[in-house]
Amino acid sequence: MRNNRTNIFIAFSSIALLSLLAIQVNWILQTAKIKSDLFNEKANIVLARTAEALAADEDMCKKIEACVDTANPTGEASEIGKDEVHKLDSLFKHYMNFYNIQIQYSFVVTKPAFLNTQNGSGFANLIYNKRVDEGINANGLDLKLIFPDRKQFIMAEMGGMFIASVILILVVLILFWRTVLALIREKRIAYQTTEFLNNMTHEFKTPLTNIGLAGKMISRDMTSPNDNKVKHYAEIILIENEKLSHQVEQVLSMTALERGEISLRKSVFNMHSLIEDVVKTMSLQMEDKQGHFSFSPEANKSEINGDKSHLSNALSNLIDNAIKYSRVNPEVTICTSNTDHQLVVTIADRGIGIDKMHQAQLFDKFFRVPTGDLHDVKGFGLGLAYAKKIIDLHDGTICLQSESGKGTTFTMTIPYV
């Protein structure tokens, strides 16, 4: 299931990124088209303004027309005088600078008939034409502006933006690919870690079972004079075996919950009865620390539909923490109440409390409040993460209120029947 979610995430991310890149490329092409249209407009304006200036100078028009009328038999126009060329070139430069066109160009002045015969196939470059109507010739003159490469203007206008866009697209593609590779690598490491924990805990269960069985056999068959001493050792074996078995079960349960392999077996039961059973189970641990429980079942509606075994384990973890993190003579108060179709269970202690800086991480898997080099409280940091996961699966919530040195209160809510 999780692999499918990851594959779907990668697929949707790839589609979204490719769509974004397609939009970016289309935007660049549209911008290039706009720049091309702008160039055409500017070129036509430059040609029109130059033609107007030429038409206003009758002497110049006459001289140019005189040169153009002497076309040679091959159809090519005769060259006009250097002064006329210089004047026309000055006009073109002036207007091209005014409209910010900084590329190479050339121009030709011809008779209209010559232009019409050559417009379709005589020039391979980009050509703009304009009729000059003044002058001796009744048909006027045709002024032609030629650009060898319009791309120079377009690249000059959007070159920086185009290069930046290409670089950003490449950077995004590289980062996305590296992110996907990192995600796949992290998933593989997480899977291997999970498999290791599963194998480790399963390997522990067999020797634990054998140790527990040996301890029971020793305590059952007492025939030597040192029966009391052997019995004491057997009790130590059984107690430590129980602790280690509990830790192994926690790791197995948490791993199974993370992988979605545990299905809740729900039934309707009374939460007050479950709390009393858990308190009885934890009473020996409380007596060993010379503490006491206080249970106030104040909820009028205490029946819930849930998994009795998992909720019992979750409550045991909360109460076990309340006992372990109390310095001396632990006092644990358990209360129930009803609010908004919810059964509310609070578990309060007067222990060492939790700093606010660590409270947000308290329900994270493997997290334990830092205590420096002191490790007087044992555990894997799974108890609260397991409890939260179980309560979440019951559509409930769990939160805490704590202050360093003044104890902690856990509040869990579960819908009642």
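Axes here are lines fitted to C-alpha atoms, for helices over the stretch in contact, with angles running from 0 to 180 degrees between N-to-C directions. Helices (H or I, at least four residues) and strands (E, at least two) are DSSP runs numbered from the N terminus. This is a predicted model, where local features need pLDDT of at least 70 and side-chain atom pairs count only at pLDDT 80 or more, while totals for chains, interfaces and linings use all residues. Residues are numbered from 1 along each chain as its sequence is written, and side-chain values use heavy atoms, leaving out hydrogens and water.

Select H8 and H10 to begin: they pack at about 140°, with axes 9 Å apart. In H8, pick His310, Leu311, Asn313, Ala314, Asn317, Leu318 and Asn321; these meet Gly383, Leu384, Tyr386, Ala387 and Ile390 of H10 (contact means heavy atoms within 4.5 Å).

Now colour Met271 and Met412, which touch the most other members of the largest nonpolar core, a set of 37 residues. Such a core joins buried Ala, Val, Leu, Ile, Met, Phe, Trp, Tyr and Cys through side-chain atoms within 4.5 Å, buried being under 20% relative accessible area with a 1.4 Å probe, protein chains only. Finish on Met412: beyond neighbours within four places in sequence, its contacts include Met271, Leu315, Leu318 and Ile391.

Key
Buried < 20%, exposed > 50% of the residue type's maximum accessible area, 1.4 Å probe, protein only.
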